[in-house]
Amino acid sequence: MTSAIEIRDLVVNRGKRRVLHGISCTIPAGSVTGLLGPSGSGKTTLLRAVVGVQVVAGGSVTVLGEPAGSPRLRRRVGYLTQAPSVYADLTVRENARYFARLYGLGAAEADRVIRAVGLADAAGQLVGTLSGGQRSRASLACALVGRPELVILDEPTVGQDPVLRAELWETFREMAADGSTVVVSSHVMDEAARCDRLLLIREGRLIADDTLAGVRAAAGTDDLEAAFLHLVRTRATAPVPAEGGTR
Amino acid sequence: MSLAILAATTGRILRQLRHDRRTIALLLVVPTALLTLLYYMLADQPTVPGQPPIFDRIALVMLGVFPFVVMFLVTSIAMLRERTTGTLERLLTTPLGKLDLLFGYGIAFGLAATVQASLAAGAAYWLFGLDTAGSAGLVVLISVVDAVLGVALGLLCSAFARTEFQAVQFMPVVVVPQLLLCGLFVRRDQMAGWLEAVSDVLPLSYAVEALQEVGRHAEPTGTMWRDLAVVGGAIVVALVLGAATLRRRTG
């Protein structure tokens, strides 16, 4: 299996604080990889480094065979930021059409991504008037424009109801089946069960990089929440707070 | 740069403006309303023999100043929003070039300024009897160039503001000194030497001088074209500096 992302000894500082302590991992192409960890564990920073918008202090990130952030990757990588980044004073359709046009694509592609995130009924509505969950789906739609080879999604399912969450995961699975590589971050452990591979991150260090089955086997439990806690206790160097920080 | 992306970005900014009816109304009505105020305020002022009426002198300069101030404010807030809502970071991960975005703002707000300046100039000439030796078309042209100067400075200044509170405070910092020293209140050659030197490096001084040239001369003068070129140069410098503030990678 070829790799879509190769990360070697990645170190990132924000201000004087080190937030990623030498992360190395390989993400295979055509898979759905879940990046899981508590809030503040470095998930967003790691994803930003993969997209190439994060200043890094050391190590290397190779994406689809090129250094992260290369101009040629801008047509091949879709990125959903954690906070919805769409124009509140445009409609859902106008947002999607604008992002489609940046990739030289037309209205049909905009309509396709709007349907893919279940916003067809709200396409004519101003994003500023949408609910929080709808707004983040509008942002997601714009990240799916042009069927990018690699899709980086930072907490795409936060604030969505269970039905929509299931539908969104189905969409991610279909994208991977079509050959895209999907990386999804989440702090909700039950979403891990929908991924091919899991990266568990805590305090800027990877504590697991394995298949779903591998993580379960290593922890000796099928319950992913329990598995995460087990791995934190056995592999993390830092002391573990009682509440663990995850749901 | 790509023409298709530039066109898409210009269209997107105009569409955002179109959804904001109140801003459009303010853009169109405010300059004319202020000219009205100016007209009645100065209606009973005596005219100095051999000089144009005081309304003509001030209104002509204001036709350049209003679009400059308004577009500076509108642009600095619009660009600050791009930075704070994350759309800028996202745009910079797409095939969009930095100049596509900056020129997109320049063209979109330049078009808005053209409508604004034409309305204000129309009111000044037809309602209030403004009289210039040169053509009204040149006055509108200079006003639009002033507006684009406001856009370019607004794009640049938005990089130095973290919040909208800070962004609006750049208005007095950037605009008021230029207004005070542009030659409207005191002739520039009658200022103290160091003030004149400061005035010489402020782009609005040239914009105002260009308007005054149109007021005095029937045909476009060499000074007017030189002044316009200086303002154009200031626009390019501000846009290039603005592009340098757009970082694809941040901490």
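I began with helix H4(A), where 11 of the 13 residues are buried, so H4(A) is largely enclosed by the rest of the structure. Buried here means that 20 or more other C-beta atoms, placed from the backbone, lie within 10 Å of a residue's own. Helices are DSSP runs of H or I with at least four residues, strands are E runs of at least two, and both are numbered from the N terminus.

A note on the source: this is a predicted model, where local features need pLDDT of at least 70, side-chain atom pairs count only at pLDDT 80 or more, and totals for chains, interfaces and linings use all residues. Residues are numbered from 1 along each chain as its sequence is written, while chains are lettered from A and ligands numbered from 1 in the order written.

Next I checked which residues of H4(A) are buried; among them are A:Arg135, A:Leu140 and A:Cys142. I found that the buried residues pack against strands S6 (77-80) and S7 (150-154) and helices H2 (92-102) and H3 (107-116) of chain A.

Then I turned to chain B and looked up helices H6 (residues 136-157) and H10 (residues 203-216), which pack at about 175 degrees with axes 10 Å apart. That makes H6(B) roughly antiparallel to H10(B), a label for angles over 145 degrees. H6(B) brings B:Leu138, B:Val139, B:Ile142, B:Asp146 and B:Leu149 to the contact, which counts C-beta atoms, placed from the backbone, within 7 Å.

Definitions and conventions:
Buried ≥ 20, exposed ≤ 12 C-beta atoms within 10 Å, placed from the backbone. Contact = placed C-beta atoms within 7 Å. Axes fitted to C-alpha atoms, helices over the stretch in contact; angles between N-to-C directions. Parallel < 35°, antiparallel > 145°, perpendicular 65-115°, else oblique.
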